[in-house]
Every structure is written in structure tokens, then in C-alpha cells.
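This report goes from the chain as a whole down to a few selected places in it. Please keep the sequence and the model side by side while reading.

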Amino acid sequence: MAKVTSDQLGTEPIGQLLVKQAVPASIGILVMSLNILVDYIFVGNWIGSIAIAAINVVLPISFFIGALGMSIGIGGSSIISRALGADNKAKALQTFGNQITLTLLVTITMVVLGLTFVDDLIPAFGGKGAIFDPAKIYYIIVVCGVPFLALCMMGNTVIRAEGKPKFAMIAMIIPSVGNLLMDYIFIYIFDWGMAGAAWATTIGYVLCFAYVLYFFISKHSELKVTWPHFKLKANILKEIGSLGFVTLARQAVVSIIYLLLNNILFDLGGEAMVAVYAIIGRMLMFALFPVFGVTQGFLPIAGYNYGAHKYERVRESIFTAIKYAALLATLVFVGLMVFPAEIASLFLSFKPDMSDFELATNAFVMEHTPSAMRWVFAATPIIALQLIGAAYFQAVGKAVPALLLTLTRQGFFFIPLILILPNFMGELGVWISFPIADVLATIVTGYYLRREVKNTLNP
């Protein structure tokens with residue numbers, strides 16, 4: 001894999017540079033997504049579909065705490081990219097040190113609160129009936145490892161900001177491979193059930209943290225922080241917070257959506273309907289990995305060149321990223337429309353020794369998942385504009401439009417739709433809310449991005 005240094009972000013051809021940045025990011029996201037997907041397949045086949053629903057209940061809580069690290073990482077990485085582009089390494093170092101301190105303080109506090117209110121949080125996120133007990137087992141173990149996840153997510157964005165996508169890719173692969181290996185040992189061999197799945201996930205986080213730590217203390221990193229850099233600075237925190245809040249708000253809305261959907265679907269079809277959404281939710285993370293990879297690759301390119309006042313390169317990076325991402329999204333769309341039943345069948349097993357309840361649940365999930373999947377992914381070809389447009393404003397440090405565009409799809413459109421449409425259309429109302437929100441958000445994002453290119457990025 002070709003090496004990319006921070007100064008090359010401002011000199012190499014955009015198309016070539018985007019490939020160098022996006023391919024490692026896509027591979028890393030692919031492996032991470034495959035990990036989650038295969039993890040669900042293992043859990044569904046070795047424990048049961050109720051276990052899938054239980055993990056789906058816990059994920060938004062643990063991921064929200066982990067996303068605190070990602071939000072601090074992305075907010076700070078935008079500063080670091082622009083600081084490196086402006087040849088201000090002192091600010092880049094101070095920002096990175098503040099990111100580490102802030103991540104530790106915030107996530108440890110959230111873990112303490114999460115463990116204190118565990119019995120209230122799980123039912124609130126849809127962990128009711130037969131889902132509650134396995135969800136609690138999984139939650140307690142995984143949440144204890146979430147600070148490692150937060151540090152990994154924070155560190156990964158900084159690695160990309162340095163122009164080191166290969167190392168960022170490896171950091172994403174390590175926990176995935178570790179988790180799957182531990183899944184086999186703890187669930188299949190040791191028969192630890194939900195506890196085994198939770199320990200496998202937590203060990204994956206720790207392995208990732210060990211690698212990220214190695215990167216920053218090795219010769220590969222340009223950012224060698226010292227003790228003074230860890231001291232929190234109000235101006236740095238304000239800038240990290242304003243930009244990172246975009247990511248945090250997005251993840252907060254995702255957690256709210258999980259809370260609403262799990263409860264709405266539980267009322268519509270019980271535990272089995274929650275399991276349907278669990279499978280679709282994993283596919284939302286997995287299937288779009290190449291689009292997310294292009295978005296991740298685009299961020300440091302746009303941020304660096306904006307900081308260097310090379311606006312023509314910023315404009316070119318926007319159009320190139322949208323073109324690549326749209327092509328990949330269309331290919332994903334075709335695959336999901338053709339093979340939804342085959343995909344759903346991977347998560348389920350019908351073993352002779354299963355109880356009547358488990359067999360009935362699996363049959364329900366198999367019947368309802370394919371049509372739901374087609375609706376959820378119906379607008380996939382157009383989401384490239386939406387993702388790249390919101391990412392641009394975050395990359396260049398424009399926090400307010402980045403926040404508004406990030407919240408447009410899920411906050412302003414999707415949540416009202418899922419609160420209204422199921423009352424009239426039942427289960428179908430839930431699924432068609434996804435493409436409607438995608439179309440509306442893409443229209444809004446396209447308008448603001450076009451205006452920004454015309455007013456700010458023209459020579």
C-alpha cells in the first residue's frame with residue numbers, strides 16, 4: 001500500500017489521493033462490519049435469535065459511549081488536519097493531547113453512570129420480555145471495555161489526519177479478527193453464551209487500543225505529545241467540542257432511533273420484530289462500507305487543503321468523492337435488491353433441538369426480513385451526496401452547517417416519520433420511513449453544498 005504523508009495531502013492528484021485514503025478506510029470498515037455481521041451470525045446460530053435482539057438493544061448504549069471518543073477524535077482531527085496544512089504543528093500537538101485527556105474523563109464518567117442505571121436503560125432501549133436477561137449479561141461486560149473502544153475510535157481519526165490510512169486500517173482489523181477468534185473459543189468451545197460474546201467483544205477493544213498506542217509511540221507518528229500537551233486548554237476544547245458535537249449528536253440521534261424503533265417494533269411484533277431490525281441494522285453498517293470508506297478518505301484531504309487555502313483542490317475532492325461513492329452505493333443497492341432472502345438466512349438456524357418459541361421466532365424473522373430490507377435500502381444510490389456533503393462542512397471546521405446537515409436525515413425527517421407512519425401503516429410504515437428520509441435529506445444537503453461550492457470554493 002502506498003504511503004501517504006501529511007504534506008502529500010496538498011500535492012498529489014485528488015483522484016489518486018482519494019483512492020489511497022479511501023481503500024484502506026474501506027478495508028478497515030469492511031473488516032469491522034464483517035466482524036459485526038459474522039458476530040451476529042455466530043450468535044444467531046450458536047445462541048439464538050433472541051440473543052441477536054439482546055445485542056441490538058445494548059449496542060446503541062455502548063456505541064454512544066464509544067462515540068464520545070469518535071466525536072472528540074473527529075472534532076480534534078479536523079483541527080489537526082488544518083493545523084498541519086497551515087504548518088502549525090504546535091497546535092496539532094496541543095489538540096491531540098487534549099483529545100486524550102478529554103476522552104478518558106468523559107468516557108469513564110459515562111461508564112460509571114451506565115452501570116449505575118443498567119436496570120433502567122435496558123428496558124428503555126427495548127430490552128423487554130425474554131430479551132432483558134441476556135441483554136443485561138452482555139451489557140455489563142461490554143460497557144466496562146468501552147473506554148478502550150473510545151480511545152481507539154479517537155486515535156483512529158487522528159491517524160488518518162496524519163495521512164497514515166494504512167495504520168488506521170490495521171487498527172480497525174485487529175479488534176475484528178480478535179473478536180471473531182474469541183467468539184469461536186468462548187461461545188462454541190467453552191459454551192459461555194452471552195457472556196462469551198461479550199468477553200470476545202471487550203477483548204477486541206483492548207487489542208485495538210494496544211495497537212493504537214503502539215502507533216503513537218513509534219516512529220510512524222508525527223505527533224509526539226508530552227505532559228504539557230495533556231493540560232486542557234479552553235480554546236482547544238471549544239473548537240473540539242463544536243466540531244465533535246456534530247458526530248456526538250449524530251450518534252445520540254442513532255441511539256434515540258434504536259430506542260424508538262426497538263419499542264415500536266416490539267409493540268408491533270414482539271421479540272421477533274426486534275430481531276428483524278437487528279439484522280437490518282447490521283446490514284446498514286456492513287453493506288455501505290465502501291461509501292463510508294470514501295467519506296473517511298475524503299475528510300483529511302478536504303481539511304488539509306482547506307487549511308492550506310487550496311480551494312480548487314477542495315472542490316475537486318468533493319466532486320470526485322461523490323462520484324466514487326455514488327458508483328459504489330449503486331452496486332450495493334443492486335446486491336441487496338437481488339439477494340435479501342439469502343442474506344437473512346445467514347443469521348438463522350432451525351435445529352431440531354430448538355424450542356417451539358425459538359422456531360416460531362426464527363420463522364417470523366425469515367418471513368419479514370427480505371421485504372423490510374428492500375424498503376430500507378431503496379434510496380441507497382443517492383446517499384453519497386448526503387454523506388459527502390455533511391462530511392465536507394465538518395472537515396473544514398464549519399460546525400453549525402455540519403451539525404444541521406448531519407441531523408437532517410435521522411433527526412429532522414426520520415424520527416417524525418417513524419412516530420407517525422406506523423400508526424397508519426403498521427410495520428410497513430417503519431420500513432418506508434428510511435428511503436423517504438434519505439430522499440429529503442439528500443435534497444437539503446445538495447442545496448447547501450451547491451451554495452457553498454459556488455460562494456466559497458470558486459477561484
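Two residues are in contact when heavy atoms of theirs lie within 4.5 Å. The coordinates belong to a predicted model, and every value below is computed from it.

## Overall architecture

The secondary structure of the protein chain consists of 16 helices and zero strands. Its radius of gyration is 21 Å, close to the 23 Å that the globule rule gives for 459 residues, so the chain is as compact as a globular protein of that length. Along the principal axes, the C-alpha trace spans about 65 × 45 × 40 Å.

Of the 459 residues, 60% count as buried. When contacts between residues at least 6 apart in sequence are considered, 82% of them join residues at least 24 apart.

## Surface and charge

The accessible surface of the protein chain amounts to about 17700 Å², and 71% of that area belongs to carbon and sulfur atoms. The chain carries 28 positive and 24 negative side chains, and the centres of these two sets are 17 Å apart.

## Helix 10

Helix 10 covers residues 289–307, and at 1.5 Å a residue its 19 residues should span 27 Å, which agrees with the 28 Å between its end C-alpha atoms. This helix is mostly covered, since 17 of its 19 residues are buried. Helix 10 is followed by His309, a residue whose phi is positive, near 60°.

Tyr392 is placed in helix 14, which comprises residues 383–395.

Leaving aside residues up to four places away in sequence, Tyr392 touches Phe298, Tyr306, Val314, Ile318, Leu449, Glu452 and Leu457. Tyr392 and Ala302 are separated by 90 residues in sequence, while the distance between their C-alpha atoms is 6.8 Å.

## The surroundings of Leu59

Leu59 lies in helix 2, formed by residues 49–85, and with a relative accessibility of 8% it counts as buried. Which residues does Leu59 touch, not counting those up to four places away in sequence? They are Tyr40, Phe64 and Arg282. Along the chain, Leu59 and Gly281 are 222 residues apart, and their C-alpha atoms are separated by 11 Å.

How values were computed. Residues numbered from 1 in each chain as written. Predicted model: local features only at pLDDT ≥ 70, side-chain atom pairs only at ≥ 80, totals over all residues. Heavy atoms only, no water. Helix = DSSP H or I, 4+ residues; strand = E, 2+ residues; numbered from the N terminus. Expected span 1.5 Å × (residues − 1). Buried < 20%, exposed > 50% of the residue type's maximum accessible area, 1.4 Å probe, protein only. Rg over C-alpha atoms; globule rule 2.2 N^0.38 Å. Areas by Shrake-Rupley, 256 points an atom, 1.4 Å probe, with all protein chains shown as cover. Lys, Arg positive; Asp, Glu negative; His and termini not counted. Charge placed at Lys NZ, Arg CZ, Asp CG, Glu CD.
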